[in-house]
Amino acid sequence: MAVSGFEGFEKRLELQFSGRDPVIGIGLRELDFKSLEQVLHQVQCTVVSALGNQHFDSYVLSESSLFVYPNKIIIKTCGTTQLLKSVQPFINHARTLNLRIVALRYTRGSFIFPEAQPHPHTSFHEEVVYLEDNIPEHLCYRKASVIPSKLTSHSWHVFSAGAVEYPDGVPYTVEMCMTDLDQTLARKFFRHPNDGKNGDSAGREMTELTGISRININPNAHICDFAFDPCGYSMNGIDGDRYSTIHVTPEHGFSYASFECVGSVYNADIADMVKKAVKVFCPGTVSVATTNASDDMCMRIKGAVEQLGMKCRSWSMDEFPAAGTVVFQTFTTRRNIRT
Amino acid sequence: MGAQISSQQRSDHGEVLLVHSLDSWNTRFQNSKASNKLMVIDFSAEWCRPCKFIEPAVHDLAVEFSDVDFVKIDIDELPDVAKDFEVKAMPTFVLVKKGKEQERVVGVKKDELHRIIEKHRF
């Protein structure tokens, strides 16, 4: 492991809102672009690309992704971004649209370079204190927990707060983190000097060459991709009202890739997507955190990763207010039993 | 005429023309078929923030490539045209020459849009 480098592990924030009117219309999507940019500025990131459909807007950021639904915001940022600083501004902007926050969930894995993180991300304890101080009182059901695994470098941190105790049958989320990427495959995420391409076209090429375009077999799904210079890659997938997102830090010594998607009882293909995503990177270690997924789906995901020859090292779970059950699984290649 | 096509800039060249009615779209499309000029169709919607994000860049492109026709269609105003061109996500930019699609860009991709306009310009 390198002494220092880019932190691929993301911090993820999901904010749910509701309004007094039963028909929300476009809700949060009403927020003008300047307001969004203002919030992103506080988090130290910018918009690199964007794509929207009738259901939601997606943004590829300089440090990961942002998704804006009528009643939900999902923002995921890596590096040394101060993601939690977006909480207050988002809540305030939503208020101008008569939308009230009803649930918040903050999740992340374990940082590869924790000492490089700025306030309030210097420790999970500090993050929890910051959240408790910055969320409204009516989110009275709260819980913070670190879900462990057998690997000391891989834990799953969750903070959840809600105005109600139980989730209302929302779709489930799959957050996958991969480290120790196969170096030959990781090299595909480096730009070639003088390739005559721009970030968009180089990104498109990476999406095709690495098999990422084949993870979701729905021909109506769209991918918004981007290749960073000299290396790195991000993509947002939009498929009806479902998003997926992949981010890659390919450098040896701190290589990392994440895959995240949304599923519901109508999608039997999530385990298959997880398997294909792992195959793109052939990582040494995989962690998968699901929120509000059925036991059956968790087992299917486990089976899919094991089919690739990886061994399940741990399966832990915990219950959270408003978010539901979080299941955290870790896998390593059979050769790779180091922690 | 004035009610059916509005411009977003006052200059003679380098405008992005908003087409509001099916009649004026059909006229414009027929005219495009008869000429060798490249036409860039910008499909967007009032409520689409990614579309707003790329708007200034599209204006810049219209000025830079003043020999190219830039037309903007609101998918809520002309849903049939959006359907004809199979627009599922936005913004979508379709490059058309002599009535045939040459290439398209889906999403906010300024550099890529610049590249393909330059590629199909002449």
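A residue counts as buried when its relative accessible area is under 20%, as exposed when that value is over 50%, and as partly exposed in between, using a 1.4 Å probe and the protein chains only. The model is predicted, so local features are reported only at pLDDT of at least 70 and side-chain atom pairs only at pLDDT 80 or more, while totals for chains, interfaces and linings use all residues. Residues are numbered from 1 along each chain as its sequence is written, chains are lettered from A and ligands numbered from 1 in the order in which they are written, and side-chain values use heavy atoms, with hydrogens and water left out.

Thr207(A) is a case of the buried class, with a relative accessible area of 1%. Thr207(A) lies in helix α5 of chain A, residues 199-209; helices here are DSSP runs of H or I with at least four residues, strands are runs of E with at least two, and both are numbered from the N terminus. Leaving aside residues up to four places away in sequence, Thr207(A) touches Ile212(A), Ser213(A), Ile223(A), Asp225(A) and Tyr233(A), where contact means heavy atoms within 4.5 Å.

Asp225(A) leads on to chain B. This residue forms a salt bridge with Lys109(B), and the closest N and O atoms are 3.4 Å apart. A salt bridge is a side-chain nitrogen of Lys or Arg within 4 Å of a carboxyl oxygen of Asp or Glu. The rule finds 3 salt bridges across the interface of chain B and chain A. On the chain B side, the elements that give two or more residues are α2 (49-64) and α4 (110-120). The largest share of that side, 4 residues, belongs to α4(B).

In total, 16 residues of chain B are in contact with 26 residues of chain A. The two chains bury about 1,700 Å² between them, 59% of it on carbon and sulfur atoms; buried area is the accessible area (1.4 Å probe) that two parts lose on being put together, summed over both. In chain B, the residues that lose the most area to chain A are Trp47(B), Arg49(B) and Phe53(B), together 37% of what that side buries.

Chain B itself has 4 helices and 6 strands. From the N terminus on, its elements follow the order β-β-α-β-α-β-α-β-β-α. Of the 122 residues in chain B, 52% are buried.

Next come the nonpolar cores. Such a core is a set of buried Ala, Val, Leu, Ile, Met, Phe, Trp, Tyr and Cys residues joined through side-chain atoms within 4.5 Å. The largest has 56 residues, and Leu13(A), Tyr59(A), Leu66(A), Leu104(A), Phe70(B) and Ile117(B) touch the most other members. Its largest share, 6 residues, comes from α2(B). Among the residues that Phe70(B) touches are Val58(B), Leu61(B), Phe65(B) and Ile117(B). A second, separate core of 39 residues includes Met178(A), Met273(A), Val286(A) and Ala304(A).

Back in chain A, Gly162(A) belongs to strand β8, residues 156-162. Gly162(A) is buried, with a relative accessible area of 0%. Its contacts, not counting residues up to four places away in sequence, include Val102(A), His138(A), Tyr141(A) and Ala322(A). The C-alpha atoms of Gly162(A) and Ile26(A) are separated by 23 Å, and the two residues are 136 residues apart along the chain.
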